[in-house]
Amino acid sequence: MVSALRDARRGFLYSPLPGYGVARVCRACGEPAACAECGGMLRAEEGSVRCSVCGAEGRCARCGARNFGLARGGAERVEEWARRATTVPVVRIGSEDRPRPPGEGEVLVGGVEAVKDFGPVGLDLVGILDADLAARRPGLSAVERALASWFEAAAWARPKGRVIVQTRSPNDPAVQALVTGRPERFHRAEIARRAQAGFPVGAAVFRVSGTAGLEAELRALEPTTLLVSGLGEQTVCLLALEPGRVGAFGRAARALAERGVVTRVEAEPHL
Ligand SMILES: [Zn+2]
Ligand SMILES: [Zn+2]
């Protein structure tokens, strides 16, 4: 990546994490860093440290200090690194900036918001950094969404540029799909993974909230998968259904809503 960047006149570095790094430890008391308000992760971004969950200013939950040891990583860190590796100007596209392709003699650094279909861009180099983060994101379709962004960014290197992917798992199906240009490689692996997780490809997925009787009522519909959790007084059920059972589910959900057992139904929730 370093030598490719040195030779590139026009490039794009895809960095999926915002900011400069994550606070690991309080420098004053040595306690692991966590938000004093909510216990969330503290992220250094645009020169200040804030909670990535509640947005509060970063203060040590134990002693209130504002000075943290950081694990560096993220688009701002990539920008700093790229400035030393290339002689052309390096510009970072933030989440508030308007996406655009890199100009002549320019390297852009950006995350998912920066990646748009601009048609053929003709870059010398596209770097996909921290590809392994995709697998650690929550949600069933996190890797699929990441792969879509990678493909979009990689297309900017057409027709003659290079694409370099940074990963510790080069055999990962998503990485291989990108490297070989064949998304079906990912798709094949995904079919098995989704089935194993209880949410097979093609199943209809609903999140249903309601009262304590909800679980038994939904169980009677013979869902493929039914996961039950509680939120205060509420019961929250996540269910996957064969497509043929959706009609029966719809009728049951309406009847249960009239009885007050169901309070909310979300179709295809973000998992
Ligand atoms: Zn402290
Ligand atoms: Zn917080």
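Analyst: Happy to, and let's begin with the metals. A donor here is an N, O or S atom within 2.8 Å of the metal. Keep in mind that this is a predicted model.

User: Which residues supply the protein donors of the zinc ion (ligand 1)?

Analyst: The SG atoms of Cys-26, Cys-29, Cys-60 and Cys-63 do, at 2.3 to 2.4 Å from the ion. Along the chain, these donors follow the spacing C-x2-C-x30-C-x2-C. Cys-26 belongs to strand S2 (residues 21-26), while Cys-60 sits in the loop between strand S4 (48-51) and strand S5 (68-72), so this pair ties together parts that are 34 residues apart in sequence.

User: What arrangement do the four donor atoms around the zinc ion (ligand 1) make?

Analyst: The general idea is to look at the angles at the metal. The ideal value for four tetrahedral donors is 109.5 degrees. Around ligand 1 the donor atoms subtend 106 to 113 degrees, which makes the arrangement tetrahedral.

User: Are Cys-26 and Cys-60 buried or exposed?

Analyst: For that we need a cut-off: buried means under 20% relative accessible area. Cys-26 is buried, with a value of 2%, and Cys-60 is buried at 2% as well.

User: What coordinates the zinc ion (ligand 2)?

Analyst: Cys-35, Cys-38, Cys-51 and Cys-54 coordinate ligand 2 through their SG atoms, at 2.3 to 2.4 Å. Their spacing in the chain reads C-x2-C-x12-C-x2-C. The angles subtended by the four donor atoms run from 102 to 116 degrees, which makes this site tetrahedral. As for accessibility, Cys-35 is buried at 2%, whereas Cys-38 is partly exposed at 40%.

User: Strand S2 came up already. Which strands does S2 pair with?

Analyst: To read strand pairing, look for the bridges and for the direction in which the partners run. S2 runs antiparallel to strand S3 (residues 42-45), and two bridges join them; Val-22 has Arg-43 in S3 as its bridge partner. S2 also pairs with S5 in the antiparallel sense, over five bridges. There, the bridge partner of Val-25 is Gly-69 in S5.

User: In what order do the five strands of the open sheet come?

Analyst: The order is S6-S7-S1-S8-S9, with parallel pairing. Strand S6 (90-93) and S9 are at the edges with a single partner strand each, so one side of each has no neighbour in the sheet. On average, neighbouring strands of this sheet are turned by 15 degrees against each other, direction ignored. To take one pair, strand S1 (residues 10-14) and S8 are joined in the parallel sense by four bridges, and Phe-12 has Val-126 in S8 as its bridge partner.

User: Which strands do helices H2 and H4 lie across?

Analyst: Here you compare the direction of a helix with that of a strand. Helix H2 (residues 75-85) lies across S1, S6 and strand S7 (106-110), at about 170 degrees to S6. H4 lies across S1, S8 and S9, and its angle to S8 is about 165 degrees.

User: Is Arg-77 buried or exposed?

Analyst: Arg-77, a residue of helix H2, is buried, with a relative accessible area of 17%. Leaving out residues up to four places away in sequence, Arg-77 touches Gly-19, Tyr-20, Arg-72 and Arg-84.

User: What does Arg-162 touch?

Analyst: Arg-162 is in strand S9. Its contacts, again without residues up to four places away in sequence, are Ala-4, Asp-124, Leu-125, Val-126 and Ala-157. Arg-162 and Ala-4 are 158 residues apart along the chain, and their C-alpha atoms are separated by 8.2 Å.

User: Let's finish with a helix. Which residues of helix H5 are buried, and what do they pack against?

Analyst: In H5 (residues 173-180), the buried residues are Ala-174, Val-175, Gln-176, Ala-177 and Leu-178. They pack against strand S8 (125-128), helix H4 (142-154), strand S9 (162-165) and helix H6 (183-196). Asp-172 caps the N-terminal end of H5, with a side-chain oxygen 2.9 Å from the backbone nitrogen of Ala-174. Just after H5, Gly-181 has a positive phi of about 70 degrees.

Note on methods:
Residues numbered from 1 in each chain as written. Chains lettered and ligands numbered in written order. Predicted model: local features only at pLDDT ≥ 70, side-chain atom pairs only at ≥ 80, totals over all residues. Heavy atoms only, no water. Donors = N, O, S within 2.8 Å, 3.2 Å for Na, K, Ca; no water. Tetrahedral: all angles 85-135°; square planar, octahedral: opposite > 155°, others 65-115°. Buried < 20%, exposed > 50% of the residue type's maximum accessible area, 1.4 Å probe, protein only. Contact = heavy atoms within 4.5 Å. Polar contact = N/O pair within 3.5 Å; in protein donor to acceptor, adjacent residues only side chain to side chain. Pairing = 2+ DSSP bridges. Axes fitted to C-alpha atoms, helices over the stretch in contact; angles between N-to-C directions.
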